[in-house]
Amino acid sequence: MIIGLTGGIASGKSTVVEMIKEAGYKVIDADQLVHDMQAQGGRLYRSLLDWLGEGILLPNGELNRPKLGQLIFSNEEMRQRSAEIQGTIIRQELAAQRDRLAKEEDVFFMDIPLLIENGYQDWFDQIWLVAVSPEVQCQRLMKRNHLSLEEAKMRIDSQMSLEEKEPYASLVLDNNGSLDDLKKKVKSAINDLTSSS
């Protein structure tokens with residue numbers, strides 16, 4: 001059984017991932033995978049360099065992530081192009097990891113922030129969505145990334161809203177409350193898994 005995990009920026013998805021790992025489940029982390037492939041010499045690093053040139057690099061040769069983010073988030077065309085270039089490579093790599101883990105684990109999770117936007121739904125037996133209200137999301141993002149209200153809104157608006165994602169979810173983990181509330185919800189969801197498998 002493969003469970004897809006998704007949410008929006010600053011929805012608390014990373015926290016849920018930690019809880020799932022603590023419960024003993026393996027989680028394939030799409031962001032980490034991207035991070036690794038964007039490291040010097042990685043597949044994404046090379047394709048971004050081919051596309052945008054050396055202006056996106058720091059003096060030490062690593063990607064200048066803030067600059068890259070600004071470039072890509074600056075307009076729709078750039079975002080589309082980035083999604084095309086990186087999306088194909090990411091999908092291939094995720095599929096390889098998924099197939100490898102499916103041989104070893106009965107139940108595992110894949111943490112994919114853009115699961116629905118990038119059409120990964122049919123990979124999963126269940127989809128868990130970590131959801132918060134737009135207000136809470138904005139507050140948390142401003143605090144976490146030290147962004148202005150305007151910058152935070154721009155990042156959030158560049159994503160599909162959590163509300164739009166809800167119809168795809170088999171389970172919605174509401175994270176508007178405290179950390180303890182969230183822990184209880186995750187624990188209960190994991191208990192349901194073990195009793196049904």
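Asp174 is partly exposed, at 35% relative accessible area (buried means under 20%, exposed over 50%, and partly exposed in between, with a 1.4 Å probe and protein chains only). This residue sits in strand S5, residues 171-174. Helices here are DSSP runs of H or I with at least four residues, strands are runs of E with at least two, and both are numbered from the N terminus.

Before going further, a word on what you are looking at: this is a predicted model, in which local features need pLDDT of at least 70 and side-chain atom pairs count only at pLDDT 80 or more, while totals for chains, interfaces and linings use all residues. Residues are numbered from 1 along each chain as its sequence is written, and side-chain values use heavy atoms, with hydrogens and water left out.

Now for the inside. In soluble globular proteins, nonpolar side chains tend to be buried together. The largest nonpolar core in this model has 22 residues, and the members touching the most others are Ile90, Leu94, Met110, Ile112, Tyr120 and Phe124. Helix H2 (30-38), helix H5 (76-102) and strand S3 (108-111) are the elements that give two or more residues to this core. H5 gives the most, with 5 residues. A nonpolar core is a set of buried Ala, Val, Leu, Ile, Met, Phe, Trp, Tyr and Cys residues joined through side-chain atoms within 4.5 Å.

## Contacts across the sequence

Val34 lies in helix H2 and is buried, with a relative accessible area of 16%.

Leu129, in strand S4 (residues 126-131), is buried at 0% relative accessible area. Leu129 and Leu5 are 124 residues apart in sequence, yet their C-alpha atoms are 6.0 Å apart.

## Positive phi angles

Most residues other than glycine have a negative phi. Ala10, however, has a positive phi of about 60°. You will find Ala10 in the loop between strand S1 (2-7) and helix H1 (13-22), where its 8% relative accessibility makes it buried. The C-alpha atom of Ala10 is 7.9 Å from that of Arg144, 134 residues away along the chain. Arg144 belongs to helix H6 and is partly exposed, at 48%.

His146 also has a positive phi, near 50°. The loop holding His146 runs between helix H6 (134-145) and helix H7 (149-157). Is His146 buried or exposed? With 70% relative accessibility, His146 counts as exposed.

## Salt bridges

Side chains of opposite charge can pair when their charged atoms come close. The whole structure has 7 salt bridges, each being a side-chain nitrogen of Lys or Arg within 4 Å of a carboxyl oxygen of Asp or Glu. One of them joins Lys26 to Glu105, with the closest N and O atoms 3.4 Å apart. This pair links distant parts of the chain, 79 residues apart: Lys26 is in the loop between H1 and strand S2 (27-29), and Glu105 in the loop between H5 and S3. Lys26 is partly exposed at 42%, and Glu105 is partly exposed at 23%.

Another bridge pairs Arg79 with Glu76, the closest N and O atoms being 2.4 Å apart. Both residues lie in helix H5, 3 residues apart, about one turn of the helix. Asp99 and Arg98 form a further salt bridge, with 3.0 Å between the closest N and O atoms. Here Asp99 is partly exposed, at 39%, whereas Arg98 is buried, at 17%.
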